[in-house]
Amino acid sequence: MDADDKQGESRAFSRNDIKEMIAALPESGTLTKREYEVLTLILEGKKRNEIAESLFLSISAIKKYTTSLYAKMGVKDRIELLAKITTK
């Protein structure tokens, strides 16, 4: 488990909460379908390897999607991402 997986791992939200939180983000319109899926799984409390398994992708691909997601959201890691989304 790397640092990104350790950060915020205890947080998980319901599907309805997740949809509402993402919809409320001004950046949500810029996310690709895959970034949206990765964000949803992060908010469900999934770790990087679990996200990769769920989406049938490599961990390397998930790292690329999270890097792009973080850049679009203006955050540097999972903790900042969760803080930004949950403080809205």
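Colleague: How many salt bridges does this predicted model hold?

Modeller: The count comes to 5 salt bridges. A pair qualifies when a side-chain nitrogen of Lys or Arg lies within 4 Å of a carboxyl oxygen of Asp or Glu.

Colleague: What makes Arg34 and Glu37 a salt bridge?

Modeller: Their closest N and O atoms are 3.0 Å apart, and the limit is 4 Å; the pair therefore meets the rule. Both residues belong to helix H3 (residues 33-43), where they sit 3 residues apart, about one turn of the helix.

Colleague: Which residue forms a salt bridge with Glu35, and how far apart are the closest N and O atoms?

Modeller: The partner is Lys72, with the closest N and O atoms 2.8 Å apart. This pair links distant parts of the chain, since Lys72 lies in helix H5 (residues 59-73) and Glu35 in helix H3, 37 residues apart.

Colleague: Is Glu35 buried or exposed, and how do you know?

Modeller: The relative accessible area of Glu35 is 3%, under the 20% cut-off, so Glu35 is buried. Lys72, at 32% relative accessibility, counts as partly exposed.

Colleague: What makes one side of helix H2 (residues 15-23) the buried side?

Modeller: The buried residues of H2 are Ile18, Met21 and Ile22. They cover an arc of only 95° around the axis, and this puts them on the same side of H2. On the other side, Asn16, Lys19, Glu20 and Ala23 are exposed. The cover over the buried residues of H2 includes H3 and helix H6 (78-86).

Colleague: Which residues of the largest nonpolar core touch the most other members?

Modeller: They are Leu39, Leu43, Leu69, Leu81 and Ile85, in a core of 21 residues. The elements giving two or more residues to this core are H2, H3, helix H4 (48-55), H5 and H6. H3 gives the most, with 5 residues. Leaving aside residues up to four places away in sequence, Ile85 touches Met21, Leu25, Leu39, Leu43 and Met73.

Colleague: Which residues of H3 are buried, and what do they pack against?

Modeller: Glu35, Val38, Leu39, Thr40, Leu41, Ile42 and Leu43 are buried in H3. The buried residues of this helix pack against H2, H4, H5 and H6. After H3 comes Gly45, whose phi is positive, near 90°.

Colleague: Why are H3 and H5 called roughly perpendicular?

Modeller: Their axes come within 9 Å and cross at roughly 90°. Angles of 65 to 115 degrees count as roughly perpendicular, and H3 and H5 are therefore described in that way. The contact is made by Arg34, Glu35, Val38, Leu39 and Ile42 of H3, together with Ile62, Tyr65, Thr66, Ser68, Leu69 and Lys72 of H5.

Methods:
Residues are numbered from 1 along each chain as its sequence is written. This is a predicted model: local features need pLDDT of at least 70, side-chain atom pairs count only at pLDDT 80 or more; totals for chains, interfaces and linings use all residues. Side-chain values use heavy atoms; hydrogens and water are left out. Helices (H or I, at least four residues) and strands (E, at least two) are DSSP runs, numbered from the N terminus. Buried means under 20% relative accessible area, exposed over 50%, partly exposed in between (1.4 Å probe, protein chains only). The arc is that of the directions from the helix axis to the C-beta atoms. Contact means heavy atoms within 4.5 Å. A nonpolar core is a set of buried Ala, Val, Leu, Ile, Met, Phe, Trp, Tyr and Cys residues joined through side-chain atoms within 4.5 Å. Axes are lines fitted to C-alpha atoms, for helices over the stretch in contact, and angles run from 0 to 180 degrees between N-to-C directions. Angles under 35 degrees count as roughly parallel, over 145 as roughly antiparallel, 65 to 115 as roughly perpendicular and the rest as oblique.
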